Amino acid sequence: MFLENLVFDALEPQRLGRFWEAVVGGERLTDVAEGFETRLSIEGGPVLDLCFQRVPQAPADPPRLHLDLAGGGRQPEEVERLLGLGARHLDIGQGAVPWVVLADVEGNPCCVIEDRPSYTGTGPIAALPLESGDPDRDARFWSWLTGWTVVDGLAPRSLRHPSGRGPLLEMLPERVPKGPAKNRLHLDVRLEAGDDPDAVAAGIVARGGQELPRLWGELPWRTYADPSGNELCVLPVSAG
């Protein structure tokens with residue numbers, strides 16, 4: 001299995017997708033009425049597709065997964081670049097912090113991070129902070145699920161692609177437990193040849209996750225929640 005997609009719910013997939021494609025310098029894969037996809041390839045590291053799917057209404061709950069963008073020594077210039085693409089400043093009560101909080105064109109929070117040694121080699125996305133009820137437990141869960149490895153000495157608990165390149169997946173201590181509303185951003189994992197979907201399902205449950213009901217009929221993927229309730233999809237082996 002491997003981490004393949006970062007999926008955004010969007011009122012206007014093309015508008016949101018083109019914004020993020022410009023932010024990360026992505027390679028366009030799909031541009032149709034119901035969805036937009038762009039690919040971020042990290043040299044010597046992972047490939048991550050950013051996918052934007054249409055939903056009928058904007059989510060009300062704050063996101064439990066967001067993007068931290070690498071600002072580094074050019075943080076002010078990167079902030080100005082994003083503002084020029086349509087982002088806006090956002091106050092979420094962060095106070096005086098060295099990073100800059102913005103909202104994308106549909107109001108999703110993101111941060112432009114100052115220079116940090118741990119973000120060397122990440123590419124444009126420094127980290128993917130995911131709210132967790134138990135960072136140690138969830139780091140073990142996501143490491144098993146994705147093959148990403150735990151980075152020692154970092155707080156919050158963080159995972160990274162085995163190459164040591166690309167964004168960190170950070171287990172951020174949750175502010176409140178996950179509620180019933182669907183996350184507006186989630187991660188997709190892709191099965192590889194030889195992976196048994198039922199064995200993967202059993203492994204998810206054994207590690208504290210759960211399979212979610214199929215509310216939209218038969219689909220080629222299966223939907224789960226991690227031990228903290230965060231949705232994820234497990235996609236079938238690629239036909240290609």
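The questions and answers below concern a predicted model.

Reader: Which residues touch the most other members of the largest nonpolar core?
Author: The largest nonpolar core of this predicted model has 46 residues. Helix α1, residues 13-24, gives the most to this core, with five residues. The residues that touch the most other members are Leu-6, Phe-8, Trp-20, Leu-50, Leu-67 and Trp-142.

Reader: Which residues does Trp-20 touch, not counting residues up to four places away in sequence?
Author: Trp-20 is among the core members that touch the most other members, and Trp-20 is buried. With residues up to four places away in sequence set aside, Trp-20 touches Phe-8, Leu-50, Phe-52, Leu-67, Leu-69, Asp-104 and Cys-110.

Reader: How many residues make up the other core, which lies apart from the largest one?
Author: The largest nonpolar core holds 46 residues. Apart from it lies another core, with Val-101, Ala-103, Cys-111 and Tyr-119 among its members. The number of residues in that other core is nine.

Reader: Why is the pair of Phe-8 and Trp-20 tilted?
Author: The structure holds six aromatic pairs. In the pair of Phe-8 and Trp-20, the ring centres are 5.8 Å apart. Planes under 30 degrees apart would count as stacked and over 60 as edge-to-face. The planes of Phe-8 and Trp-20 stand at 40°, so the pair is tilted.

Reader: How many residues apart in sequence are the parts that the pair of Phe-8 and Trp-20 ties together?
Author: Both Phe-8 and Trp-20 are buried. Phe-8 lies in strand β1, residues 2-10, and Trp-20 in helix α1, so the pair ties together parts whose separation in sequence is twelve residues.

Reader: What is the arrangement of the rings of Phe-19 and Trp-20?
Author: Both Phe-19 and Trp-20 are buried. Their ring centres are 5.3 Å apart. Their planes are at 90°, so the pair is edge-to-face.

Reader: Which residues form one aromatic cluster?
Author: Trp-20 pairs with Phe-8 in a tilted arrangement and with Phe-19 in an edge-to-face one. The members of the cluster are Phe-8, Phe-19, Trp-20, Phe-36 and Phe-52.

Reader: Which strand gives the most to the lining of the second largest pocket?
Author: The second largest pocket has a volume of about 540 Å³. Strands β8 (109-114), β9 (125-132) and β12 (168-173) each supply at least two residues of its lining. With four residues, the element that gives the most is β8.

Reader: Of the residues that line the second largest pocket, which are the closest to its centre?
Author: The lining has 22 residues. By type, they divide into two polar, six charged and 14 nonpolar. The closest to the centre are His-66, Ile-92, Trp-99, Cys-111 and Leu-172.

Reader: Which residues are in contact with Pro-156, leaving aside its neighbours within four places in sequence?
Author: Pro-156 is found in the loop between β10 (149-151) and β11 (157-160). The peptide bond from Ala-155 to Pro-156 is cis, with omega near 0°. Most peptide bonds are trans. The contacts of Pro-156 beyond four places in sequence are Glu-170, Met-171, Leu-172 and Pro-173.

Reader: What separates the C-alpha atoms of Arg-165 and Gly-121?
Author: Arg-165 is found in the loop between β11 and β12, and at 35% relative accessibility it counts as partly exposed. Arg-165 touches Ile-42, Glu-43, Gly-44, Gly-45, Pro-46, Gly-121 and Arg-160, not counting residues up to four places away in sequence. Arg-165 and Gly-121 are 44 residues apart along the chain, and their C-alpha atoms are separated by 5.3 Å.

Reader: What is the relative accessible area of Val-32?
Author: Val-32 is found in strand β2, residues 27-32. The C-alpha atoms of Val-32 and Trp-144 are separated by 34 Å. Val-32 is partly exposed, and its relative accessible area is 47%.

Note on methods
Residues are numbered from 1 along each chain as its sequence is written. This is a predicted model: local features need pLDDT of at least 70, side-chain atom pairs count only at pLDDT 80 or more; totals for chains, interfaces and linings use all residues. Side-chain values use heavy atoms; hydrogens and water are left out. A nonpolar core is a set of buried Ala, Val, Leu, Ile, Met, Phe, Trp, Tyr and Cys residues joined through side-chain atoms within 4.5 Å. Buried means under 20% relative accessible area, exposed over 50%, partly exposed in between (1.4 Å probe, protein chains only). Contact means heavy atoms within 4.5 Å. On a 1 Å grid over the protein atoms alone, a cavity is a set of points where a 1.4 Å probe fits but cannot get out, and a pocket is an open set with protein on both sides within 12 Å along at least five of seven lines; lining residues have an atom within 4 Å of a point. Grid points are joined across faces, edges and corners, and a volume is the space filled by probe spheres set on the points. Ala, Val, Leu, Ile, Met, Phe, Trp, Tyr, Cys and Pro count as nonpolar, Asp, Glu, Lys and Arg as charged, and the others, Gly among them, as polar. Rings of Phe, Tyr and Trp (its six-membered ring) pair if their centres lie within 6.5 Å; planes under 30 degrees apart count as stacked, over 60 as edge-to-face and the rest as tilted.
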